[in-house]
Amino acid sequence: MNSNTSVNNHSAIFSVLVLLALSAVGITFLHLPVVSNNLAVFAVATVMAGLVFFQYMDLKSEGKLIYWIMIIPFVLFGILLVLFIPDVCHYSIDFLKRFF
Amino acid sequence: MEKSASLPLTQAYPTNEGPCGHNSSPAGLTAGRLGIWALIASEIVLFAGLFGSFILMRMINPQWAEEVSHLNLKAGTLNSLVLLISNFFMMKASSSVTAGKANDVKKYLFLTMVMGVLFLCVKAFEYTAEFAHGEYPTSGGFWAFYFLMTGIHATHIIGGLVAMGLLWVRAVKGTLGPMQGRVALTGIYWSFVEVVWIFLFPMLYLLA
C-alpha cells in the first residue's frame, strides 16, 4: 500500500472511530434496558477495537505467528472468567437468577 | 507549502528498527516487531484480568451504579476523542517515515505527544475533582478498581510519551534514520493503549 493510500485509509478509519465513540456515548442517553444498553456499548467498543487492531496496528498483514501470540492471552482470559464464576455465584444468588 | 525534507537514511535502512532490527526469526519477523506483539500479549493478560474482575464484581454489586454517576462523563468523552486524535497523529508519523518526510515525522510525533499530555491533564483534572468529593482508592470497591485501572492506563500513556519523546529528539537532531522503524513499533504500542481505553471508557462511564 503506498503512503497516500495509507494516509487516506487512516483518515477514513479515524472518522469512523470518532463516530463510533460518540455513538457509544449517545446510546447511554437512549435509556435502553440495562442488558441492551450494556451489550450495545460493548458491541461498539469491540468494533472500535477491531478497527484499531486490524487497520492501525496492521494486524491484517501480520503472519500466523503473531495471531497465535495474540490468541493465547484471550484463551487465558476465557479460563480466568470461568474460574471466577463459582466465586461470584457464591456471593450472589441473584447473579444466578439472571441466567436461569 | 514547503516540501518536507527526506529522511537521510530512509533508503539505506528500509526496515531498520535499531541494533536488533534485522530479520532474526524463522517467521521472517524483525525482533522489534515480534517483541512489541509479545509485549502487547502480556499487556492483554494484565488488562483482561482487571476488566474481567471488574465486570464480575460490577454484576454482583449493582449499587456501584450510584458511584458511576459521580464520574465526569464529559471529561471521559473528551479523553476518548483526545486519544483517538493522538493515535491518528501517530499513524501519520508512521506513514511519514515510510514516505521519507522527516519534517512530518517531527511534526506528527510532537502533536501525538501534545495530545497524550492533554489526556493526562484531563485525567488529572478528573482525579482532582474526585479527591475533592472525598473519593479515594480506599473509598470502596468501585473506586479501588477505578483508580487502579485508570492509573495503570495513565502509566502506559507516560511510557508511550517517553518512547515518543526519545524518537522525537532523534528526529529533531536528524539521527532518527537508523532507528526509524521504531516509530511504527511505538505506533503499534500507542494503538494498543488506545484499545485499552476503548474498553475502559464504556466499562467505567457507560455501563447501565
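**Figure 1. Burial and helix content of chain B in the predicted model.** In this predicted model, 39% of the 208 residues of chain B count as buried. Chain B has 6 helices and 0 strands, and its elements run α-α-α-α-α-α from the N terminus on. Take the contacts in chain B between residues at least 6 apart in sequence: 78% of them join residues at least 24 apart.

**Figure 2. Burial and helix content of chain A.** Chain A has 100 residues, of which 18% count as buried. Its secondary structure consists of 4 helices and 0 strands, in the pattern α-α-α-α along the sequence.

**Figure 3. The contact between chain A and chain B.** The contact takes 39 residues from chain A and 35 residues from chain B. On the chain B side, helix H1 (31-60), helix H3 (73-99) and helix H6 (181-206) each supply at least two residues. The side of chain B that touches chain A is made up of 25 nonpolar, 8 polar and 2 charged residues.

**Figure 4. Helix H2 of chain A against helix H6 of chain B.** Two packed helices are described by the angle between their axes and the distance between the axes. For H2(A) and H6(B), the angle is about 175° and the axes are 9 Å apart. Angles over 145 degrees count as roughly antiparallel, so H2(A) is roughly antiparallel to H6(B). From H2(A), the contact is made by Val41(A), Phe42(A), Ala45(A), Met48(A), Ala49(A), Val52(A), Phe53(A) and Tyr56(A). From H6(B) come Ser191(B), Glu194(B), Val195(B), Ile198(B), Phe199(B), Pro202(B) and Leu206(B). By class, the residues of this contact divide into 13 nonpolar, 1 polar and 1 charged. An α-helix has 3.6 residues a turn, so residues three or four places apart point the same way.

Figure 5. Val41(A) lies in helix H2 (residues 34-56) of chain A. Val41(A) counts as buried because 23 other C-beta atoms lie within 10 Å, and the cut-off for a buried residue is 20 or more. Leaving aside residues up to four places away in sequence, Val41(A) touches Ala24(A) and Ile27(A) in chain A, and Pro202(B), Leu206(B) and Leu207(B) in chain B. Ala24(A) and Val41(A) are 17 residues apart along the chain, and their C-alpha atoms are separated by 5.4 Å.

**Figure 6. Helix H6 of chain B.** H6(B) has 26 residues, and at 1.5 Å a residue they should span 38 Å. The C-alpha atoms at its ends are 37 Å apart, which agrees. Of the 26 residues of H6(B), 25 are buried, so this helix is largely enclosed by the rest of the structure.

**Figure 7. Helix H4 of chain B.** The 31 residues of helix H4 (residues 102-132) of chain B should span 45 Å at 1.5 Å a residue, and the end C-alpha atoms are 45 Å apart, which agrees. Buried residues in H4(B) are Ala102(B), Val105(B), Lys106(B), Tyr108(B), Leu109(B), Thr112(B), Met113(B), Gly116(B) and Phe119(B). What covers them includes H3, helix H5 (141-173) and H6 of chain B. H4(B) is followed by Gly134(B), which has a positive phi near 80°.

**Figure 8. The largest nonpolar core.** In soluble globular proteins, nonpolar side chains tend to be buried together. The largest nonpolar core here has 66 residues, and Ala93(B), Val105(B), Leu109(B) and Phe192(B) touch the most other members. Both chains contribute: helix H1 (3-28) and H2 of chain A, and H1, H3, H4, H5 and H6 of chain B, each supply at least two residues of this core. The largest share, 18 residues, comes from H6(B). Phe192(B) touches Met57(A), Ile40(B) and Glu43(B), not counting residues up to four places away in sequence.

**Figure 9. Two loop residues of chain A with positive phi.** His31(A) lies in the loop between H1 and H2 of chain A. His31(A) is not a glycine, yet its phi is positive, about 55°. With 8 other C-beta atoms within 10 Å, His31(A) is exposed. Asp58(A) lies in the loop between H2 and helix H3 (64-91) of chain A. Asp58(A), also not a glycine, has a positive phi of about 60°. Asp58(A) counts as partly exposed, with 19 C-beta neighbours inside 10 Å.

Technical notes:
Residues numbered from 1 in each chain as written. Chains lettered and ligands numbered in written order. Predicted model: local features only at pLDDT ≥ 70, side-chain atom pairs only at ≥ 80, totals over all residues. Contact = placed C-beta atoms within 7 Å. Nonpolar A, V, L, I, M, F, W, Y, C, P; charged D, E, K, R; others polar. Buried ≥ 20, exposed ≤ 12 C-beta atoms within 10 Å, placed from the backbone. Expected span 1.5 Å × (residues − 1). Core = buried A, V, L, I, M, F, W, Y, C linked by C-beta atoms within 7 Å. Axes fitted to C-alpha atoms, helices over the stretch in contact; angles between N-to-C directions. Parallel < 35°, antiparallel > 145°, perpendicular 65-115°, else oblique.
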